[in-house]
Amino acid sequence: MLASVTHFLPVTLIRRRRLLPASGKVVIRKGQKVSATDVIAEANLTPDHILLDLVRGLGMPPDKSDEAIQVKAGDEVGAGDVVAGPVGIARRVVRAPKNGRIIVAGNGQILMQSDSQPFELKAGIPGIVVELFDGRGAEIEASGALIQGTWGNGKIDFGMLNVLMRSPQDDLTIDRLDVSQRGSIILGGILKDEEVLDMAAEIPLRGMILSSMDSILIDRAMKMRFPILLIEGFGSIPMNTAAFKLLSTSHKRETAVNAEQLDHYSGSQPEVVIPLPSSGEMPAPKDAEVFAPGQKVLLTGFIRKASPIGTITAVRGLMTLESGVRTRAAEVELEGGERTVVPLSNLEVLD
Amino acid sequence: MGTSLIDSDSLLAIDIGAVNTRATLFDVVDCRYRFIGMGIAPTTVGAPFFDAGEGVRQALDQLKQTTGRELIDADEQMIIPARPDGTGVDTCVATISAGSPLKVVAVGLLDDISTESAVRLASTTYAQVVEKLNLLDRRKTSSRLDAILRTRPDLVIVAGGTEGGAFRSVEVMLDPVGLACYLLPESERPEILYVGNSSLADEAERTIGSLAHLSIAPNIRPAIEMEQLTPAQKQLGRLYRSIRCKQIPGVSELDAWTKGSTLPTAAAFGRIVRFLSKVYDPAKGVLGIDIGASAATIAASFAGDLSLGVYTDLGLGPNLPSLLKISKMEDIKRWLPMDMPEADLRDYVYNKSIRPQAIPVTKEELAVELALARRVMQIALRRILRRLPQRKAVSSSMPYFEPILAAGSVLTNAPSVGQAMLAILDGIQPTGVTTVVLDQNNIAGSLGAAAEVNAILPVHILESNTFLNLGTVVSPVGNAQMGSPVMRIRVSGEGDKDTTIEVKYGTIELLPLPLGKSATLHIQPSGKFDVGMGGPGRGGSVRVAGGALGVVIDGRGRPIRLPSDDEKRYEAMTKWLWTFGS
């Protein structure tokens, strides 16, 4: 059976395709070095169009008013510029109400698009642009540690990693935060209190990497200006030992957090990249695996007090779980030596 | 039935669901179509494969392991038709529900008339209405244009104008749609489905036809008081297929195997429910409910007249958190047979949306899944009942249904049929006398798709035990004090001694009646209770078939009133589960 793969890699070659949701303009070049927050492409996702009625403005029928049009498609206009007229004794004119661009003119109407703030697509990871996609984005290559998460609040930033966790079970409490962490990304633990987010915003931090978070805080987390990334998910789930080991030994290292939201269909997944200089041939992360004995796996589930790691000792056929559900399962030996049976659907192969 | 009556064609049905891809083989055995086997693999529409084909190949590999039948040749192509050496298959059909819901803009004239019909049309497939535009929304053409451009829809449904009615108003609403198509790059233009005043179809073609792919279907609102969605639903199904072919690599290849007949799974599910409604008592309807990861699909059909609802906000997969926006937490929690803090339940919902494929390991997790399923069924049912024409009901808004077909992994994966049955009884709360059938292999959609090319195959499969008859359910409507008598039932079996039981309010009773056997139930409800035999207190006799659970007498009244005290509720729920042997 095909297995989901989760990456907690100390060093790997990472390639990420970053594309606009709609056509736009790519603003970087191939070979360019980018940071996680550099804008690589822009698009106008929230256009503001204005339809100017020349028939009413000039007091003329459509065919006559077309003769008075002073602009053509593609022209840039400023607020107050005359776009049609003057006509008649009263020298009637139609003016552009805002700065913008003419889209189409004729049939007694002018359609213009006013200038608006474009959507900016950030690089997401620090690296080199290795491929461009005309009007859509680019592929960026980086080398470094890769730690994948399960949830993000949609923000991206980078900064120095400040490790506040002493163990995978740690809670992130308000007393762990202070102004010395300003501009850094913190490695917190389990987040339960909203006041911690208030304090983090006040400092302000550049990012938070957390084990897990109470789901009641989602709305508040979405409003934070900096990225918040959960390694495990929601509730009070301690960080798995593989992710904890990698992150907690990266104190004071430059760290990029792309807390984009998990989307099974687009493939976007929140992740942390800790850049490392490229040193020759580096292995690329494995994208897919088939379950087999000897694989290191992360045990997932819903009501979890821990996120244990283990090794598959045998892949079995249908087995009955404690819930009574019969499903394909594997025997797994946990890090502590304990053996358990886990449905294949609840295992993620660690790479 | 002799072989001359059927084409002895084998048929492969492939279903690409949000979580699993299934390949199901049907073939003729002893002159009748049989379910031969099924291969299941994880769906590979998303990362890391981004190609539905990989999951299909894996499912076919598994099917080959179980049936020994080679279906794919060395060039990775489906072997169609079957060869004399036993490889390949004669016909392939496919259904799909995977992928993000289609983003739909619904355009109409009046918000509560044509626009609402456009919204209802959208809700017959895997779609999410991201914007509604209508003549009275007080927006300028440029604002409507921006609304379309901002939402970047996959599909725009344009309704409005009764037959022989509004003319200019429809043109006004077509303007922003045409402009949006003009402004968008060709590859990003939405499909347009025109379902308005048919006399304006040519105008729609002139305005939009050269700018985008325009499909025209019969007016969904031919008169103010009349809505007809069925003809447009077929066109919508074709558009869904076309959009998925463009969006998801691997779907085009699959569609070629099916000769362009891939259907949305929900439409195929609706088709089988409609078929059943033509076979069963025309006075009653047939209800089908499929609780999937991408959506909850509910189909109610009366004598071939189908109402279909596909609710992507009620899927148990990535969209599960949307359930928390439309349902109070306490309305989910009340279906749990144990105490669980609200925070844990909410965390569960969000974690499930992250890993929709994960399976409940503990009894507690299983209870949460089934509680969510109950709530989803309740909401889906309430929505479809609003759309049904007035039907004869048992002292409530719930019409008679016979049978009720339930599907979806959350039910079919339940450890016991009793747990599945109790969840269905709680979620749907059927009334009167009905039969509950479980699509234990999740093949109802595949049968609906098969019906398009082979009308006999679904008949044979439905007549076999592929669908599991869980049992006959007797559910009187009414309420009383706990422990008060609800009804007396005498069972006359074949050659067995008659058995009589008294059913008390708040209890569930099971009468053993195995599959293949039948019996007559003589039902006498007490004064306040209506079992659909002519009014409260009126009884009668009914012949019923046996099922996996026999005859289930649900004496909890309608609507079910759960004890408000937590401990008493846990006790009652545990007792009901125990009654079902779980």
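The model described here is a predicted one. A545(B) belongs to strand 21 of chain B, which covers residues 540-545. Apart from neighbours within four places in sequence, the contacts of A545(B) are N469(B), T472(B) and S518(B). A127(B) gives a sense of scale: from A545(B) to A127(B) there are 418 residues in sequence, and the C-alpha to C-alpha distance is 39 Å.

The next step is to look at how chain B is divided. Its domains are domain 1 (3-96), domain 2 (102-246) and domain 3 (267-579). Between domain 2 and domain 3 of chain B, the C-alpha centres are 36 Å apart. Nine residues from domain 2 of chain B and nine residues from domain 3 of chain B take part in the contact. On the domain 2 side, strand 6 (127-134) and helix 6 (230-247) of chain B are the elements that give two or more residues. Sorted by class, this side of domain 2 of chain B has two nonpolar, six polar and one charged residues.

In soluble globular proteins, nonpolar side chains tend to be buried together. The largest nonpolar core in this model has 260 residues, and the members that touch the most others are V107(B), I157(B), V158(B), V376(B) and A380(B). Helix 12 of chain B (residues 363-387) provides the largest share of this core, with 13 residues. For A380(B), leaving out residues up to four places away in sequence, the residues touched are I289(B), A296(B), I298(B), G309(B), Y311(B) and L314(B).

The two chains also meet each other. In this contact, 46 residues of chain B touch 38 residues of chain A. On the side of chain B, at least two residues each come from strand 3 (32-42), helix 3 (141-151), helix 11 (342-354) and helix 12. Helix 11 of chain B gives the largest share of that side, nine residues. By class, the side of chain B that touches chain A consists of 22 nonpolar, eleven polar and 13 charged residues.

What does chain A itself look like? Its secondary structure comprises five helices and 29 strands. The radius of gyration of chain A is 27 Å, whereas a compact globule of 351 residues would have one near 20 Å. The C-alpha trace of chain A spans about 95 × 50 × 45 Å along its principal axes. Of the 351 residues in chain A, 46% are buried. When contacts between residues at least 6 apart in sequence are considered, 61% of those in chain A join residues at least 24 apart.

Strand 25 (residues 296-299) and strand 26 (residues 309-320) of chain A run antiparallel and are joined by three bridges, with V297(A) partnered by G310(A) in strand 26. Strand 26 of chain A is also antiparallel to strand 27 (residues 326-334) of chain A, and eight bridges join this pair. Here the bridge partner of A314(A) is E331(A) in strand 27. Strands 26 and 27 of chain A form a hairpin with five residues between them, and G324(A) in the turn has a positive phi of about 100°.

Note on methods:
Residues are numbered from 1 along each chain as its sequence is written. Chains are lettered from A and ligands numbered from 1 in the order in which they are written. This is a predicted model: local features need pLDDT of at least 70, side-chain atom pairs count only at pLDDT 80 or more; totals for chains, interfaces and linings use all residues. A nonpolar core is a set of buried Ala, Val, Leu, Ile, Met, Phe, Trp, Tyr and Cys residues joined through C-beta atoms within 7 Å. A residue is buried if 20 or more other C-beta atoms lie within 10 Å of its own, exposed if 12 or fewer, and partly exposed in between; C-beta atoms are placed from the backbone. Helices (H or I, at least four residues) and strands (E, at least two) are DSSP runs, numbered from the N terminus. Two residues are in contact if their C-beta atoms, placed from the backbone, lie within 7 Å. Ala, Val, Leu, Ile, Met, Phe, Trp, Tyr, Cys and Pro count as nonpolar, Asp, Glu, Lys and Arg as charged, and the others, Gly among them, as polar. The radius of gyration is taken over C-alpha atoms; the globule rule is 2.2 Å times the number of residues to the power 0.38. Domain bounds come from an automatic or database domain assignment. Two strands pair if DSSP finds at least two bridges between them.
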